[in-house]
Amino acid sequence: MKHLAYVLILVLALSCKDNQKEKVDIKVESTTHTETTTQNTKKNTETNADLPFLKDIKSLEKDTSANPIEAFKTKATNLATEVFKLNKDNIKDALTKAKDFKNVVITVDNHTIVKLDVNDCKPSGAWSACMPKAEGYIKKGDLVYQNDYANNIIGLPDDQERLMFLF
């Protein structure tokens, strides 16, 4: 009986390992702005399976959670290779970096989500950057489908939290 208790304790101890991703916060300072990114050091090959929005934008309509955009942000924060907090000062650099990634998504607070096509862009005076074509949703009670350039969907630079997820 004693041996069984030891084995049970050993199995319990091994099953309680922390499997969360290790995150590294990076701050890059320059004379004009501070850019904050979060970088996941472990890559997850199942990102598309965990985030159907990356494969099919319309899948967001089938999400049964109270706020599918908030649910996406929660999952994406752990799965993205990098996460940028966007503002007018760092968006140009973030979009340049985004060209190296297969999937790029921007969220605005908990009400807007768009997937970017970084190869098709149009200059934006408000953002002082070439803003890419975007497809996604704005939550106005129901999800309202959008297909336009990102600056027309995510709005003007202001204090709202805009996050760019790179996968």
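Is Ser 128 buried or exposed, or does Ser 128 lie in between? Ser 128 is partly exposed, with a relative accessible area of 40%; buried means under 20% relative accessible area, exposed over 50%, and partly exposed in between, with a 1.4 Å probe and protein chains only.

## Basis of the model

This is a predicted model, in which local features need pLDDT of at least 70, side-chain atom pairs count only at pLDDT 80 or more, and totals for chains, interfaces and linings use all residues. Residues are numbered from 1 along each chain as its sequence is written, and side-chain values use heavy atoms, with hydrogens and water left out.

## Positive phi in two loops

Most residues other than glycine have a negative phi. Ser 128 has a positive phi near 55 degrees and belongs to the loop between strand 5 and strand 6 (129–140). Helices (H or I, at least four residues) and strands (E, at least two) are DSSP runs, numbered from the N terminus.

Asp 109 likewise has a positive phi, near 45 degrees. Its place is the loop between strand 4 (104–108) and strand 5 (112–124). Asp 109 is partly exposed, at a relative accessible area of 26%.

Strand 6 pairs with strand 7 (residues 142–149) in the antiparallel sense, over eight bridges; two strands pair if DSSP finds at least two bridges between them. Within this pairing, Tyr 137 stands opposite Tyr 145 in strand 7. The hairpin has one residue between its strands, and Gly 141 takes a positive phi near 80 degrees there.

## Salt bridges

The structure holds three salt bridges, each defined as a side-chain nitrogen of Lys or Arg within 4 Å of a carboxyl oxygen of Asp or Glu. One of them joins the side chains of Glu 161 and Lys 73 (3.1 Å, N to O). Glu 161 lies in the loop between helix 5 (150–154) and strand 8 (162–166) and Lys 73 in helix 3 (residues 68–79), so this pair ties together parts that are 88 residues apart in sequence. Glu 161 is partly exposed at 30% relative accessibility, whereas Lys 73 is buried at 9%.

A salt bridge also links the side chains of Glu 82 and Lys 97 (3.1 Å, N to O). Because Glu 82 lies in strand 3 (residues 82–86) and Lys 97 in helix 4 (residues 91–98), the pair ties together parts that are 15 residues apart in sequence. Glu 82 is buried at 5% relative accessibility, while Lys 97 is partly exposed at 32%. Asp 158 and Arg 162 meet through their side chains in a salt bridge of 2.8 Å, N to O. Asp 158 is partly exposed at 44%, and Arg 162 is buried at 1%.
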